[in-house]
Every structure is written in C-alpha cells, then in structure tokens.
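Welcome! Take a moment to look over the sequence and the model below, and then we will walk through a few of its features together.

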Amino acid sequence: MTKAEKRPVLVATEADDITADMVITEINRLDVPVVRFNPADIGGDLAVSARFGTCPAPVVGQVRTPSRIADLTQIRSVYWRRPEWPSFPHLSPDDSRFAAAQVRYGLGGTLYALGGPLWVNHPLRIAAADYKPAQLALAQRLGFAVPPTLVTNDPDEAREFIRDQGDAIYKTLRWTPYTRDGVPVTGWADPVSSDEIDETIRVTPHLFQARVDKVADLRVLIVGRHTFAVRIDSELLDWRKDYSALTYTVEYLPDWVDKALHAYLDRLELVSGSFDFAVDRAGDYWWLELNPNGQWGWLETETGLPMSAAFADLLTQGDSR
C-alpha cells in the first residue's frame, strides 16, 4: 500500500502550533499521511463537502486544503489540537454571528458525524470536561485530596470562607481571551483577602480555594495508556507566571494515582488530558485541575520524555480498523 492510499490523520489547529508540529513530525516518521487544517481558513484555503443519504455510507465527502484532500470515509483519527473558528469581522454583527454558527454546525457537525475515527479529544467531550466544579467533584469521588473550595457570587459567603481558610486564593473558572486597554491579560491564581471582597462579585460566580502549603507542582500528561509525570519546582504560587524560574524532574506516580487518573479520563470519555497537582511538604498530591487539551510540548523539550511519539502512536493506531 502506498502512502497516498493510507488513511490519513486529520490535525485541526491554528497556523502557528509548535506542539502540533512535533506530533506531525512523529506521524511522518511512521509514514502515515496527515491533513492539517484550521477551521478559520474556511472560504479561503479550506473547503468541506459532505453528502448524506446518497449511498450506503452514512456520510461521504472530502475536506480539502491547498495541498491535501481527505476522504471522509477514510479518516484514521482526528487530533483536535488548537483550532480557531472564523469570526468574519468584515460582516455586520448579525451576519458574522450567523456565518460563524454555520461553520461550527456545518464543518463541525460533518466531522462529528464520522463514526470511525479516534478523536484526541472529541470537542464535545473537551467542552463537557472543562467545568472546574464538576472536575473537583469527580476528583473527590475518585479518591484525590481536594483543597477546600467555594464557588459563589455571594460576598458574605466569600468573606467567611476566606477568613476560615486563613490563606486563600482566587482562580478563574475558565481561561478566556481578555484584553485591558489593548494589552492581553491572563487570569493567574492569586492570593485574596476578605477585605478585597465587595459587592461587585455578585455579577458572576467566583472560585476561592484554600492555598496548599506546597513544595512543588506536578503536571501529569496522559496519552492513551501512557502516563508522563513531571515535577515542577519553583517558589511561585502560579508557576505559569515565569517559566525561566522553573526546574523539572521526571516523577513516577503511585500506582493508585495512575489508575485513578486513567479512570478519570475514562469517565469523561477522553483519551488524553493534562492534570495539575500541588505537592505538599508530606509529599501528598492535592488536586488542582484537568486541562483536557493542555500544553505539553515544552515539557518534552525540558525532560526528553517521548510525549509527541506517544501522541503519534495513538493517532496512527486510530480506530484500529
């Protein structure tokens, strides 16, 4: 069988994605074709055509880029990495909302209709897994230590909780693109005191959490049945603030932790995920969160762990037909 005849891997991601490049390089080494596209390119470099009810297969058609064509009946797997959806700024607000919805439900719906491919991960499963309150509850059900946490828009509840904890932090419930005076702003985990709470928190729910007396952080990447754990040492409350201040050590998880993390993903119908823990002075792990589509590329560079190869193996295995 020639390479052109092999079933391709679809990679949906933005134009500049070094992590996707790493995985694609590994897939190329396995001599499996890749069709990379970004939904934001619809109407330009990306075209989709699908037919339903016209042949024995439930859906037939193609996804086309300037250099590749993917037969929808032959897709091996879909790596849903960091795709961008179009916003149509040249249209009126109503027209742009309409057009954006048609792309999500046309292109997205066509891909979701495919019955065979392995998704890493399916966008609908990613969305369902991205709710931090539900993450916390599932973590506790599976035996993880969860820091005392309050989600509220009641200022009195917030003040009481923060006073009771003695040392508390505030975290966003979800990362959202945000600018202030044209400057991008990121929501870090930050210390919070009861004196800072005022009536404005009534506008939306906020997440407050007891601060773990930690000595390090732990990032765990699971890819299929592979587990990669990296200890991150720093003096920072939120290590993402300064990558130059971090040191890394490969960690080996207790067996029950590894099994519980795989069970966590199984419950959410995910095949990959990035988990964050705080490590306290006794060496115990405290659950922080799951990112169902988290970054990991820099960890491979820092540690040499074969993360991109694990993704490539998983994606080329596909649905195992």
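Predicted model: local features only at pLDDT ≥ 70, side-chain atom pairs only at ≥ 80, totals over all residues.

Strands here are DSSP runs of E with at least two residues, and they are numbered from the N terminus.

Strands of a sheet pair through backbone hydrogen bonds, either parallel or antiparallel. In this model, an open sheet of three strands runs in the order β3-β4-β5, and its pairing is antiparallel. β3 and β5 (69-71) stand at the edges with a single partner strand each, so one side of each has no neighbour in the sheet. From one strand to the next, the twist averages 10 degrees.

Here are the strands with their residue ranges:

| Strand | Residues |
|---|---|
| β4 | 59-64 |
| β5 | 69-71 |

How many bridges join β3 and β4? The two strands pair in the antiparallel sense over six bridges. One example involves F52, whose bridge partner in β4 is V59.

Finally, a look at charges. Side chains of opposite charge can pair when their charged atoms come close. The whole structure holds 17 salt bridges. Among them is the one where the side chains of R36 and D21 meet, at 2.5 Å from N to O. R36 lies in strand β2 and D21 in helix α1 (residues 18-29), so this pair ties together parts that are 15 residues apart in sequence.

Notes:
Residues numbered from 1 in each chain as written. Heavy atoms only, no water. Pairing = 2+ DSSP bridges. Helix = DSSP H or I, 4+ residues; strand = E, 2+ residues; numbered from the N terminus. Axes fitted to C-alpha atoms, helices over the stretch in contact; angles between N-to-C directions. Salt bridge = Lys/Arg side-chain N within 4 Å of Asp/Glu carboxyl O.
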